[in-house]
Every structure is written in structure tokens, then in C-alpha cells.
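User: I would like to learn how to read a protein model step by step. Could we take one feature at a time, beginning with the general idea and then turning to the case at hand?

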Amino acid sequence: MGIGNLARPIFVIADMHLGHRFLKLREGKFTKPEGDEWENKILRSIHKIPRNVIYVDLGDISVEKKWLDKYSEVLQRRPDLTRILVIGNHDEKSHAYYYGMGFDFVCETFSLERTFFSHRPTASKFWPEGCLYNVHGHLHDSEEDYGFFGNPPKEEGHVLVATEILGPKALHLSEVLSKSGKQIKGLPKYKVIGGWVLCNRKKEVKSEEFDTYDECSKYRKEWDLQSLVIINLRDLNV
Ligand SMILES: [Fe+2]
């Protein structure tokens, strides 16, 4: 499968480090517990990603075959996604191996929608022309590592993706940007344009706008899932 329609929403996650015990000893906003609970939450989150979006894994999946196999099972159940892997420093298998896991595109870096995606933070002088942001992983919850250990100094356009900060799930790129405090002109907004309200057994079409996809999702509880239509206004250029 190719990259396809570039206007599709992008969901992103980084540094799963599935089964990596050292990371379970770190304490970010979200503490990784002992056992497999953290890993299972991450993998379950992939089932919940909306259909047909672009899914970007920014690397450092796992060095354990057990977890690579479990992740592969999950990926192969989502052929509707365009599944992109940006290789991290702990992803030591061949590109062919990751394609075999179920990824549609495996790369060191790529750019899309004025955003440069990489595992490690990258200095802006290396971003392709026109890119405003570098969405990257690698630093986990340690923003103080910008400028050290071979990482470039932090710049305005750097956006860190980390499960320790954002939680154990893939997030829509617009939410990652807004949660990292970026003031973006035309920040994507979402609009629910249809749906039957199930509360009080009334059937009613609603039309309402929300700033984040999660806010729309709250309505899934009270609305009939089959009839709920959520659009990304940015994708429609409105
Ligand atoms: Fe890394």
C-alpha cells in the first residue's frame, strides 16, 4: 500500500519499548507499572484508532521477539491503516523484517504536511524546505536531554512524542501539537455533522464543533455509533 491520500488524519506514537524493564523504573506523568499492563494498553489503543488514517510509529518498538510478534498481530488486524515505521536506535532488525510485521512503509525519516518525522530530534537546518515542525521521539519524558547525548538543542518547532507524557496510546497529530503548547494557525478542529441521539430515545441530528478528537469521542457514549459522523475540518480546508 502506498501513502495514498495525504490529507488523511495522522496518528502518532513513539518509544513503546515493549517489555523494556528499565523504562518501568522511570516515573513520568504516566508511570509504567510492573507486569504487562502498560504494553497491553498500548497495543489495545491501536485497535481504537479510527479507520483509514495514517499511523506513524516513531520507533524503538522492542528488542524482545515476544513483543514484536504481539505488535505484529495487532498491526496485521488493521490493514485499513497506512502503517509507517520510523526506525529508532533500538530497532535493530532489517527493514524487511518490519515490513513482514505489517508496516506498509519503513524509513529513517519522512515529511508530510509540513512536518518532519524522525526518531531522534533533528536540527531545523536538516528539515526539508517548508517543514514547520519536527515530530520526534527518543527523549521519553526527558526534555532536558535536548542539547546533550548527541541531541540538538531544543528549537521552537520540536515536538516530543512520549507515552510517559501523553499516555499509552497513539494520538492524533493535532492533539500532540496542542498538548506540546504549539500555537498553530488553523489548528485542526473537528465537527460532528450527524448522528442520532440515543438518550431519551429521541432521534435527532446534531451538528457541533470540538477542538479535539477526544471531545468528539465522548459523544460516542450517548450517540448511536453507527450514525455518528466526525469530520476533521482541517482535512476539508474549511
Ligand atoms: Fe531511542
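User: How many bridges join strand 2 to strand 3 (residues 82–86), and do the two run parallel or antiparallel?

Analyst: Keep in mind that this is a predicted model. Strand 2 and strand 3 run parallel and are joined by four bridges, and one of the pairs is Ile54 with its bridge partner Thr82 in strand 3. Together with helix 3, these two strands make a right-handed β-α-β unit.

User: Which strand is joined to strand 2 by four bridges and consists of residues 10–13?

Analyst: That is strand 1, which runs parallel to strand 2 (residues 54–57). Val12 has Val56 as its bridge partner in strand 2, while Phe11 stands opposite Tyr55.

User: In what order do the five strands of the open sheet lie?

Analyst: The order is 4-3-2-1-9, and the pairing is mixed. Strand 4 (105–107) and strand 9 (171–172) stand at the edges with a single partner strand each, so one side of each has no neighbour in the sheet. The protein as a whole has seven helices and 12 strands.

User: Which residues of strand 2 are buried on one side, and which on the other?

Analyst: The general idea is that in a regular strand the side chains alternate between the two faces of the sheet. Here Ile54 and Val56 are buried on one side of strand 2, and Tyr55 and Asp57 are buried on the other, so that both faces are covered.

User: Which residues touch the most other members of the largest nonpolar core?

Analyst: As background, nonpolar side chains tend to be buried together in soluble globular proteins. In this model the largest nonpolar core has 44 residues, and Val12, Val56, Val161 and Val176 touch the most other members. If we leave out residues up to four places away in sequence, Val161 touches several residues, among them Val12, Leu58, Val135, Leu166 and Val176. Across the protein, 32% of the 238 residues count as buried.

User: Which residues of helix 2 are buried?

Analyst: In helix 2 (residues 37–47), the buried residues are Trp38, Glu39, Ile42, Leu43 and Ile46. They fall within an arc of 130° when seen down the helix axis, so they line one face of helix 2.

User: Is Ile165 buried, partly exposed or exposed?

Analyst: Ile165, which is found in helix 5, has 17 other C-beta atoms within 10 Å and is therefore partly exposed. Although Ile165 and His140 are 25 residues apart along the chain, their C-alpha atoms are separated by 7.8 Å. For the whole protein, among contacts between residues at least 6 apart in sequence, 65% join residues at least 24 apart.

User: Over which residues does pLDDT stay under 50, with 14 contacts in the model beyond four places in sequence?

Analyst: Those are residues 196–202. The pLDDT also stays under 50 over residues 234–238, for which the model has six contacts beyond four places in sequence. The protein averages a pLDDT of 79, and 67% of the residues score at least 70.

Key:
Residues are numbered from 1 along each chain as its sequence is written. This is a predicted model: local features need pLDDT of at least 70, side-chain atom pairs count only at pLDDT 80 or more; totals for chains, interfaces and linings use all residues. A residue is buried if 20 or more other C-beta atoms lie within 10 Å of its own, exposed if 12 or fewer, and partly exposed in between; C-beta atoms are placed from the backbone. The arc is that of the directions from the helix axis to the C-beta atoms. Two residues are in contact if their C-beta atoms, placed from the backbone, lie within 7 Å. Two strands pair if DSSP finds at least two bridges between them. A nonpolar core is a set of buried Ala, Val, Leu, Ile, Met, Phe, Trp, Tyr and Cys residues joined through C-beta atoms within 7 Å. pLDDT is the predictor's confidence in each residue, from 0 to 100. A crossover is right-handed if, with the strands pointing away from the viewer, the path from the first strand over the helix to the second runs clockwise.
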